[in-house]
Amino acid sequence: MKIRLRWWPQFKKLNLTTKIFVILTLLCTFCGNTPILGYVTNMMLIMVLVMCSTCVFKRLGREVVVNRTNRILVWLLGAFATFLIFQSRFSFDKGLTLIYARRYCVYTIFLILLTHVKVYDIIISLFKGYSWIAGLSALLMTILTGKKSGGLLGDYQAVGMMMSIACIIFVIDYFENRKNFVNMIGYLLSLTCVFVSGKRTFSLLAILCLVGMYLITSDRHKTQKAAKIAVVLGVSLLILYNVFPPIRELVTRTVQLNAGGDEFTRTSGRSGMWKVAMSIFLSHKLFGTGFATFAVYTGSFYRSELWAGKYLTHNIYYGLISETGLVGTLILVSFFFYALIWSCVEYLKYRKQLDSTSVRVSLYAIFVQIWFVIYGYSGNGIYDANEFFFYIMAIAMMIAVVQESKNLTC
C-alpha cells in the first residue's frame, strides 16, 4: 500500500527560507528532553533571522507577512518582556532574569512576523507525522526495557507532553477529516503514550480535547463518531491496563487523588512550593523577586526544604505571583486570557466562511491555548523555551487565520 502525504507536494513548493522555518518549528516543538533542547533558543533566533530576511528581501519568498490584525497581543507580550528588562535591575538573580527578558523579546517577534495559513497547516501535519514515529518509539522502548521510556523524545515526561499535543491534532482531524480510522488509531496511540507516561494532567488534557472537539465541531455525524471512538477507547484501555504497569500506576494515583489521598499524593509535593511562593509574594507584592528566581531564592532562604534550590514552582501562576509580583502577573495572565477569548470569538465569527485548512489551523490554535492555560496549574510552561514556543506559535496561527479571513472579506 502506497502512503500518500497530502502536505508533501505543498511543502516541496515552498521556498528555501520557509522550509527552514517549518523544519526548525518542528525541531523546537518536538525536541523533548533530548540534546536538541539546548539549542531551542538558537533555533528560534535563526527563525527570526530567516523571517526578517524574507520580509525585507522579497525575492527570497513572499511567505512572511506582518501582523496587522491584533496589535494588542504584541503590546501585551512586549510589555512583559520590557517589564523583565526593568526587573533584571533588582532581581535576586539579575543575569537569569535578563536571559528570559531577551527570550520574551524573541517570542514577541513571532507575533509580529507571521507566515501564511497554508504553511502553518503543513507544520501541524509535520507534528502529526512525527508523533507517529515518536509515539511508537516510546511504546517500543517501554516494552523492551520494562519501564517508562521516552524513545525519541528523551524521557517519559516529554512523551506525556508532546503526545498530549498530538491527541489534539488527531482529534481535530478525526472530526473534520474523512480518514476517520487512521485518525482514531493515531489518537489511541497518542493517548496510550500519555497514559504510559503516568502524567495525570496530560492524561486529563488528552481526554478533554476529545470532549471539547465533540462540543465545538459542526460535523453532522459527530455523535456517531464520538460513540465509535468511545467504544474503541474503552475496550483498548481495558486491554492496555493489563499490559502496561505504568497505566495501572496512573489509575491508582488518580483514584488516590479523587479519594482524598495525603498532600504529597495529591500534588506530588508541589503544594509545599506553592505555599512558599505565596509567602514570597507577601514580602514582594509589587515586582516580585525576579523572573525564574524561585529555585535560587528558596535555595538561599529555605534550605531545610527538600526541593529548595532545585525546582521551579510547577505552577506558572504561583511562579508569576512570587517572581513578578502583581505587575508582571497582571500583564502575562491578561495576555493568556485575552489571547484565548479573542481566538474563540474570532473563530466563531468567521467559522462559516473558513475553508477546511483554516478551520484545522484555528482549532489547533484554540485547543493548544486551552491546553497551555490548564497545564500551567501543574507545569513550568513559561520557563522552558520549547513549551512557551509552541504556545506562542499557536497564537500566531490564529492571528494568521483571522488576518487572511479579513483580507478575503475586504
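Me: Of the 410 residues of the protein, what percentage count as buried?

Reply: Buried is a matter of relative accessible area: under 20% is buried, over 50% is exposed, and partly exposed sits in between (1.4 Å probe, protein chains only). Here, 55% of the 410 residues count as buried. Before we go on, a word on what you're looking at. This is a predicted model, where local features need pLDDT of at least 70 and side-chain atom pairs count only at pLDDT 80 or more, while totals for chains, interfaces and linings use all residues. Residues are numbered from 1 along each chain as its sequence is written, and side-chain values use heavy atoms, with hydrogens and water left out.

Me: How many helices and strands does the protein have?

Reply: You'll find 18 helices and two strands; these are DSSP runs numbered from the N terminus (helices are H or I, at least four residues; strands are E, at least two).

Me: What share of contacts between residues at least 6 apart in sequence join residues at least 24 apart?

Reply: A contact means heavy atoms within 4.5 Å. Among contacts between residues at least 6 apart in sequence, 75% join residues at least 24 apart.

Me: Let's do a helix pair. At what angle do H4 and H5 pack?

Reply: Axes are lines fitted to C-alpha atoms, for helices over the stretch in contact, and angles run from 0 to 180 degrees between N-to-C directions. Helix H4 (residues 71-87) and helix H5 (residues 94-112) pack at about 165 degrees, their axes 8 Å apart. So H4 is roughly antiparallel to H5. The cut-offs are under 35 degrees for roughly parallel, over 145 for roughly antiparallel, 65 to 115 for roughly perpendicular, and oblique for the rest.

Me: Which residues of H4 and H5 make the contact?

Reply: On the H4 side, they include Leu73, Leu77, Phe80 and Leu84, while Tyr100, Tyr104, Tyr107 and Leu111 are among those from H5. By class, the residues of this contact divide into 14 nonpolar, four polar and no charged. Nonpolar covers Ala, Val, Leu, Ile, Met, Phe, Trp, Tyr, Cys and Pro; charged covers Asp, Glu, Lys and Arg; the others, Gly among them, are polar.

Me: How far apart are the axes of H6 and H7?

Reply: The axes of helix H6 (residues 117-145) and helix H7 (residues 156-176) are 9 Å apart, and the packing angle is about 130 degrees. That's why H6 and H7 are called oblique to each other. Ile124, Phe127 and Trp132 are among the H6 residues that meet H7, whose side includes Met163, Ile169 and Phe170. The contact of H6 with H7 has nine nonpolar, two polar and two charged residues.

Me: Now single residues. Is Ser378 buried or exposed?

Reply: Ser378 counts as buried because its relative accessibility is 15%, even though you'll find Ser378 in the loop between helix H17 (356-375) and helix H18 (385-409). A polar contact is a pair of N or O atoms within 3.5 Å; within protein, one must be able to donate a hydrogen and the other to accept it, and residues adjacent in sequence count only if both atoms are side-chain atoms. The side chain of Ser378 makes one with the side chain of Thr201 (2.9 Å). Leaving aside neighbours within four places in sequence, Ser378 is also in contact with Arg270, His314 and Asn315.

Me: Where does Ser405 lie?

Reply: Ser405 is in helix H18 and is buried, with a relative accessible area of 3%. A polar atom of the Ser405 side chain is 2.7 Å from the backbone oxygen of Val401. Not counting residues up to four places away in sequence, Ser405 touches Tyr350, Gln353 and Leu354.

Me: And which helix holds Tyr214?

Reply: Look in helix H9 (residues 200-216). Tyr214 is partly exposed, at 27% relative accessibility. Phe175 is 39 residues away along the chain, yet the C-alpha atoms of Tyr214 and Phe175 are separated by 7.7 Å. Tyr214 touches Phe175, Lys222, Thr223 and Ala226, not counting residues up to four places away in sequence.
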